[in-house]
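We'll go helix by helix.

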Amino acid sequence: MEVMENGGANLKGLSKEMRHGRTAHNMSSSSLRKKSDLTLVSKVSSGPLKNLLLNIQEVILGTKLSILFPAVPIAIVAQCYGFAKPWIFALSLLGLTPLAERLSFLTEQIAFYTGPTVGGLMNATCGNATELIIAIFALSHNNIALVKYSLLGSIISNLLLVLGTSLICGGLVNLRQEQKYDRRQVDMNLLMLFVALHCHLLPMLFHYAGASEGVAAESSLQLSRAASVIMVIAYFAYLVFQLWTHRQLFEDPVENEEEGDNDSDEAVIGFWSGCVWLVGMTVIIAVLSEYVVQTIEDASNSWGLSVSFLSIILLPIVGNAAEHAGAIIFAFKNKLDISLGVCLGSATQISMFVVPLCVIVAWILGIEMDLKFNLLESGSLTLAIITTAFTLQDGTSHYMKGLVLFLCYIVIGACFFVQKTPSNKNNASNIVLKSARGAVFGT
């Protein structure tokens with residue numbers, strides 16, 4: 001196997017150290033991986049062909065979500081042959097699910113060769129690559145509303161849906177023992193979330209400060225850009241805190257893992273193979289993300305669901321299904337520190353890095369994107385963060401806390417379900433109709 005060509009013989013002794021480069025997000029995705037049967041592949045005599053088959057076996061078939069991989073070529077074929085856009089949207093979402101999990105797997109494999117610090121940095125910055133790619137393509141189509149909706153939905157989904165479901169499952173399975181977790185990591189993530197909330201609320205308040213609409217919009221934009229730069233700096237300071245100065249707070253709290261959990265302590269593909277697969281997976285994610293952005297309005301009109309509901313509720317659920325399932329699995333195993341690291345870490349990364357990065361990229365492209373959400377979205381984000389902070393304040397958990405978070409998410413989901421936000425196309429049509437009426441009736 002190519003692993004041996006890249007110094008794989010020396011990896012086993014370093015596996016304990018390499019483990020510290022893995023984030024909770026990365027460990028969550030590993031719960032959906034399965035051990036590959038290499039019996040048939042090992043019988044192939046040709047070296048290059050054998051390495052290729054081994055890589056396909058590990059990368060494509062080495063996950064429990066491999067059954068969803070056919071959705072990727074089907075979505076591409078559907079786009080090429082002009083199938084109905086709602087079908088392309090649905091197939092693209094299904095295809096993104098295993099790709100997001102495989103992206104986490106590949107960054108972990110590369111981390112075995114780069115060391116724990118660089119590996120942890122890669123895992124911390126690539127954890128929400130799918131959301132970032134979708135947001136960048138939405139920006140390229142000047143669809144700022146979709147960018148804000150999808151990223152807001154990811155934050156709320158992680159804080160209420162995923163965390164709530166994890167606490168419910170962990171509490172029900174472990175009824176006879178009190179579940180505890182490390183408050184220090186939780187407090188740090190919540191503090192970062194409150195910083196993000198601070199930066200999101202202030203631009204919105206300009207519109208209620210008594211200034212004219214044009215002045216308020218310009219001030220909000222300037223403040224958003226300045227705050228975005230500060231948020232990115234704060235996020236990198238958080239990474240330094242997480243990966244260097246206080247790494248012990250974020251390490252795996254379980255020192256004695258079960259025998260079956262140690263399969264991921266050795267690299268299964270080579271460094272250069274991992275890099276090639278990582279680039280390839282990123283390109284495919286970019287293609288499917290483009291399809292999602294192009295077809296979401298048609299899916300909204302066809303299914304009778306608002307774009308805000310599809311972006312805030314459906315996109316995060318499907319796009320992060322692998323990560324969410326992993327958090328729930330670790331909650332079943334009474335490893336709440338990992339589950340909390342997945343939910344809070346992902347929400348922190350999106351709010352403090354992905355959202356401000358999108359504002360900065362839009363600034364570079366000459367697009368006027370700010371941090372201001374509407375009052376409904378801002379209120380939902382505020383309530384989600386405050387509810388989560390109160391839920392996690394005492395360092396213990398039970399299923400009732402999870403149920404409260406889950407029900408809060410249901411209420412927010414119902415709110416966006418009944419909200420009828422017209423698509424951009426409908427807005428344009430309404431403007432044309434109003435202009436025509438004004439010309440006819442003189443209004």
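**First stop: α5 and α12**

The crossing of α5 and α12 is left-handed (the near helix is turned anticlockwise from the far one by less than a right angle; clockwise would be right-handed). To see who touches whom, select Val 72, Ala 75, Ile 76 and Gln 79 on α5, then Ile 284, Leu 288, Tyr 291 and Gln 294 on α12; contact here means heavy atoms within 4.5 Å. Colour that contact by class and you get six nonpolar, two polar and no charged residues. Nonpolar covers Ala, Val, Leu, Ile, Met, Phe, Trp, Tyr, Cys and Pro, charged covers Asp, Glu, Lys and Arg, and the others, Gly among them, are polar.

For the geometry, take α5 as residues 71–80 and α12 as residues 271–303: their axes come within 11 Å and cross at roughly 50°. That makes α5 oblique to α12. Axes are lines fitted to C-alpha atoms, for helices over the stretch in contact, with angles from 0 to 180 degrees between N-to-C directions. Under 35 degrees is roughly parallel, over 145 roughly antiparallel, 65 to 115 roughly perpendicular, and the rest oblique.

**Ground rules**

This is a predicted model, so local features need pLDDT of at least 70 and side-chain atom pairs pLDDT 80 or more, while totals for chains, interfaces and linings use all residues. Numbering runs from 1 along each chain as its sequence is written, and side-chain values use heavy atoms, without hydrogens or water.

Of the chain's 443 residues, 53% are buried, meaning under 20% relative accessible area with a 1.4 Å probe and protein chains only (exposed is over 50%, partly exposed in between). Among contacts between residues at least 6 apart in sequence, 84% join residues at least 24 apart.

**Second stop: α6 against α12**

The crossing is left-handed, and the contact has 24 nonpolar, nine polar and three charged residues.

Select residues 307–319. Where does α13 kink? Look at Ile 313, shortly before Pro 316, for a bend of about 25°, taken as the angle between axes fitted to the seven residues ending there and the seven starting there.

Eleven of the 13 residues of α13 are buried, including Phe 309, Leu 310, Ile 313 and Val 318. What do the buried residues pack against? Show α6 (85–114), α9 (144–173), α12, α14 (321–332), α16 (375–391) and α17 (399–418).

From α9, pick Leu 146, Tyr 149, Ser 150, Leu 152, Gly 153, Ser 154, Ser 157 and Leu 161; they meet Ser 308, Ser 311, Ile 312, Leu 315, Pro 316 and Ile 317 of α13. By class that's eight nonpolar, six polar and no charged.

**Last stop: Ser 380**

Jump to Ser 380 in α16. Is Ser 380 buried or exposed? Its relative accessibility is 6%, so Ser 380 counts as buried. Leaving aside neighbours within four places in sequence, Ser 380 is in contact with Ile 156, Ile 412 and Phe 416.

Conventions. Helices (H or I, at least four residues) and strands (E, at least two) are DSSP runs, numbered from the N terminus.
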